[in-house]
Amino acid sequence: MARPPTDADFSEFVRASWPRLYRTAYLMLGDHGTAEDLVQTALSKTYATWGKVRTLDAAPGYARTVMINTAASWFRKKSWRNEQPTEVLPESNYQDDLNRRPMLGAALAQLAPRQRAVIVLRYYEDLDVRQTAHALGCSPGTVKSQTSDGISQLRRILGDIGVTDIQGALS
Amino acid sequence: MTDRLTELLELEAADVRVSAAPVADILTEGRRLRRRQRRATTVLLAVTVAITSVGGAGTWRILERRDQGSPADSAIAASRLDVPVFGIGSTVYLGDVIASAPGTVRSLHYTSAGVLVRSSVPTNAEKGDADGSGLDALSLVTANGGVTNLDVIGEGTAPVTDPDEPVFVLPRQAGGGLYASVYLATTGARVGRVALSTLPVAGPSPGRILGLDGDVLYAGNQENTVAVNWRTGQQRPIIGAEGIVEVRGGRAVIDGRNWSRVINLNNSSIAATVPLRGYTGYRLSPDGQLATAVIEPEVDLTSTPPLWVYDVGRRRLVDLEKLPSRGYGWTAGGDPFWITANSVVRCYPRTRGRACVTDPLPSGVRVDKDADVRLGGIDYRD
């Protein structure tokens with residue numbers, strides 16, 4: 001696996017992994033353009049560092065780690081702390097079905113970038129505290145506090161219909 | 001216990017409209033990153049070897065020395081050259097660094113070893129405007145201002161470079177055939193030569209070298225385009241790419257009768273199209289990531305027409321409000337910049353802020369309104 005993959009192999013890998021990575025990126029960032037930037041950057045980096053991918057089966061996990069690391073580096077930039085990504089123009093295809101669920105997207109948008117990422121990684125990507133801390137380059141304690149604060153904030157925004165119980169969230 | 005949150009996130013994710021994966025763009029960018037990493041490793045090794053050789057108290061002299069482009073010097077320079085570069089008269093400006101070219105600067109071409117400067121040789125400059133019968137000098141200017149004179153070439157023959165590669169390519173004729181000769185930018189030594197046997201030397205549509213992307217150079221005329229790996233000699237025709245205007249970063253601009261297109265040369269796919277009625281044709285940044293087109297004024301011909309900037313790799317328009325529609329150049333990394341009377345303005349199209357930052361010109365430098373400023377990243381042909 002140290003040699004670069006063939007174009008055909010890598011293209012197939014990109015097509016297969018793109019949807020899942022894109023969804024995670026969108027949940028973390030809340031903006032389609034930026035999510036696409038992130039996934040594209042992560043997959044390009046994956047290609048460039050293919051020697052670190054031991055087996056083809058490991059490639060999706062590696063790409064996800066690269067993507068989260070890249071997002072974490074973006075969060076550290078000052079412009080990210082000052083500027084929350086938002087969709088400027090409403091797009092009807094992305095409107096929430098209010099009858100089906102509360103406006104989670106809008107609620108996530110009110111979290112700080114890294115806090116939002118922690119919530120997505122823990123409850124969408126199903127990473128544990130240690131894995132999340134490793135991926136974001138922070139301490140497990142930070143992940144626990146960000147999780148607690150994030151869920152509290154989501155519950156405040158969404159009410160009981162959104163998040164009814166956070167028992168075990170910090171385990 | 002937080003199943004409800006997971007459920008909500010999964011519902012949210014399921015509703016996300018996922019765009020098609022830009023596979024070709026990812027491959028192109030991945031290759032570029034890999035080349036940069038290889039080069040960075042080479043740079044590190046070169047610096048390490050140099051430092052080990054000198055050792056002790058002499059270590060930092062390498063960083064201070066202005067010799068004639070030693071490998072270690074070039075390696076250090078390569079890692080630093082990401083500044084607006086321009087020339088006025090025989091002076092070359094690289095950020096705060098000022099260097100002197102042998103003659104009046106004609107054009108500036110980025111390599112990973114430094115800036116390749118094409119300037120009129122003194123005897124030619126004395127004649128005034130270029131008329132195609134004189135000679136130009138090629139020099140390498142490194143980021144620390146070191147100048148290495150390399151070669152003398154026919155007037156108006158612009159070298160072809162890739163900002164990521166330490167070489168430049170020139171067209172040569174021999175035995176009635178057309179060749180592409182590849183030279184090391186640090187020494188001027190020829191390191192490769194490939195025959196472009198499918199392209200005519202002269203005639204109504206002579207062959208010319210269009211661009212360099214890594215080890216692959218592109219050459220063509222109105223009828224044919226060919227990609228040649230100059231290290232291996234392997235050639236392949238590019239289908240559907242007749243009439244290429246320019247090649248940069250693995251992408252090409254083709255102007256058709258009614259349209260201008262950017263295509264990906266690795267698979268001939270169309271990356272962007274604008275109608276020529278209403279726009280000027282596309283032009284590419286040195287890395288091929290950005291394409292610009294000026295929107296032609298429909299009524300008021302005296303006003304400044306707006307510039308349309310498109311991020312080809314990310315398939316979106318870039319809002320660079322301040323960028324003028326004329327008179328801008330590019331840094332080696334693909335950031336547009338322009339010069340005012342006493343400042344240089346650089347835009348950052350890839351960062352979230354899309355900011356344009358104004359910095360003063362080096363102390364004492366003031367640019368006259370009528371000065372012939374030559375900007376880096378622009379192919380001046382005179």
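Before I start, a note to myself: helices and strands here are DSSP runs, numbered from the N terminus. I am also keeping in mind that this is a predicted model.

**Entry: the second largest pocket**

I looked up its volume and found about 660 Å³. Of the 21 lining residues, B:R31, B:D213, B:V216, B:Y218 and B:R236 lie closest to the centre. In chain B, α2 (23-54), β13 (216-220), β14 (225-229) and β15 (235-237) each give two or more residues. Sorting the lining by class, I noted nine charged, seven polar and five nonpolar residues.

**Entry: the cavities**

I found four cavities of 30 Å³ or more.

**Entry: the nonpolar cores**

Next I turned to the largest nonpolar core, which has 58 residues. The members touching the most others are A:M28, A:L43, A:I119 and B:L9. Helix α1 (residues 7-29) of chain A gives the most to this core, 11 residues. I was curious about B:L9: which residues is it in contact with, leaving aside neighbours within four places in sequence? They are A:L27, A:L104, A:L108, A:I119, A:V120, A:Y123 and A:Y124. Last, I wrote down a second, separate core of 25 residues, with B:V85, B:F86, B:A101 and B:L108 among them.

How values were computed
Residues numbered from 1 in each chain as written. Chains lettered and ligands numbered in written order. Predicted model: local features only at pLDDT ≥ 70, side-chain atom pairs only at ≥ 80, totals over all residues. Heavy atoms only, no water. 1 Å grid on protein atoms, 1.4 Å probe; cavity = no way out; pocket = protein on both sides within 12 Å on 5 of 7 lines; lining within 4 Å. Points joined across faces, edges and corners; volume = space filled by probe spheres on them. Helix = DSSP H or I, 4+ residues; strand = E, 2+ residues; numbered from the N terminus. Nonpolar A, V, L, I, M, F, W, Y, C, P; charged D, E, K, R; others polar. Core = buried A, V, L, I, M, F, W, Y, C linked by side-chain atoms within 4.5 Å. Buried < 20%, exposed > 50% of the residue type's maximum accessible area, 1.4 Å probe, protein only. Contact = heavy atoms within 4.5 Å.
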